[in-house]
Amino acid sequence: SNFSGNTDPYTRVIISNPKGLPVVDGNNNLNYTISIWVKPADLSRSNQALVAWDPNASKRVVLRLKNYNTVELDTGGLGSFVSSKTILSIGVWYNLVVSVNQGTVGTSVNFHVNRNLTDAQPLSSIKFSPENGVPIWIGNDSQNASQYYNGAIDSVRIYTQSLQLGD
């Protein structure tokens, strides 16, 4: 889908009642992967939401373009976000895959761009995880309408496990 990059309410997709979440395993560990194809049309604004679950501003998961041309995963506030160092360009398709793996030694976030691991970072805290009944927004953020995305999005997938490159 193409998103026009304005605050028009029709420039987003909302999945009102997603099933199969939360993504906590039998050991109470949080593991999930977001995969999305994006082709940015405008990188002149920061904070362009690609995928968001956010019932309120302090309890959220948002994958967005940040600092004009990088990717950030925000899991709920101060100390709970990580950014990729990969620089995106206008008019180029990217397959972004972000995996969250919470285990006994802490939480890590892996960023893959076009099937290449570009960043692996620790995440100091997770304040929120995707859960049943919380709408998923694609192309905008329900808590901040100014975080709309301008560009094309294709093949959004959310997995209830932390995928590795070969998966």
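The conversation below sets computed values beside the definitions that they must meet.

Tutor: This is a predicted model, in which local features need pLDDT of at least 70 and side-chain atom pairs count only at pLDDT 80 or more, while totals for chains, interfaces and linings use all residues. Residues are numbered from 1 along each chain as its sequence is written, and side-chain values use heavy atoms, with hydrogens and water left out.

Student: How many helices and strands does the protein have, and what makes a stretch count as one or the other?

Tutor: Both are DSSP runs numbered from the N terminus, a helix being H or I over at least four residues and a strand being E over at least two. By that rule the protein has 0 helices and 12 strands.

Student: What makes a group of residues a nonpolar core, and which residues have the most contacts inside the largest one?

Tutor: The members must be buried Ala, Val, Leu, Ile, Met, Phe, Trp, Tyr or Cys residues, joined through side-chain atoms within 4.5 Å. The largest such core has 29 residues, and those with the most contacts inside it are I36, V38, L50, L63, L73, L96 and V109. Strands 3, 4, 5, 6, 8, 9 and 11 each supply at least two residues of this core.

Student: Which residues does L96 contact, beyond its neighbours within four places in sequence?

Tutor: A contact means heavy atoms within 4.5 Å, and with those neighbours set aside L96 is in contact with I34, S35, I36, V38, L50, V71, H112 and V113. Across the protein, among contacts between residues at least 6 apart in sequence, 66% join residues at least 24 apart.

Student: Why is the pair R64 and D74 called a salt bridge?

Tutor: Side chains of opposite charge can pair when their charged atoms come close. The rule wants a side-chain nitrogen of Lys or Arg within 4 Å of a carboxyl oxygen of Asp or Glu, and R64 and D74 meet at 2.9 Å, N to O, so the pair qualifies.

Student: What other salt bridges pass the rule?

Tutor: The count comes to 3. R64 also meets E72, at 2.8 Å from N to O, and K85 meets D119 at 3.8 Å from N to O. K85 is in the loop between strand 7 and strand 8 and D119 is in strand 10, so that pair ties together parts that are 34 residues apart in sequence. K85 counts as exposed because its relative accessibility is 62%, whereas D119 counts as buried at 7%. Salt bridges that share partners join R64, E72 and D74 into one network.

Student: What makes S99 buried, and which side chain does its own side chain meet in a polar contact?

Tutor: S99, which is found in strand 8, has a relative accessible area of 1%, so it is buried. A polar contact is a pair of N or O atoms within 3.5 Å, where within protein one must be able to donate a hydrogen and the other to accept it, and residues adjacent in sequence count only if both atoms are side-chain atoms. The side chains of S99 and T33 make such a contact at 3.1 Å.

Student: Why is N67 called partly exposed, and what is its phi?

Tutor: N67 has a relative accessible area of 47%, so it is partly exposed. Most residues other than glycine have a negative phi, but N67, which is not a glycine, has a positive phi of about 50°. N67 lies in the loop between strand 5 and strand 6.

Conventions
Buried means under 20% relative accessible area, exposed over 50%, partly exposed in between (1.4 Å probe, protein chains only).
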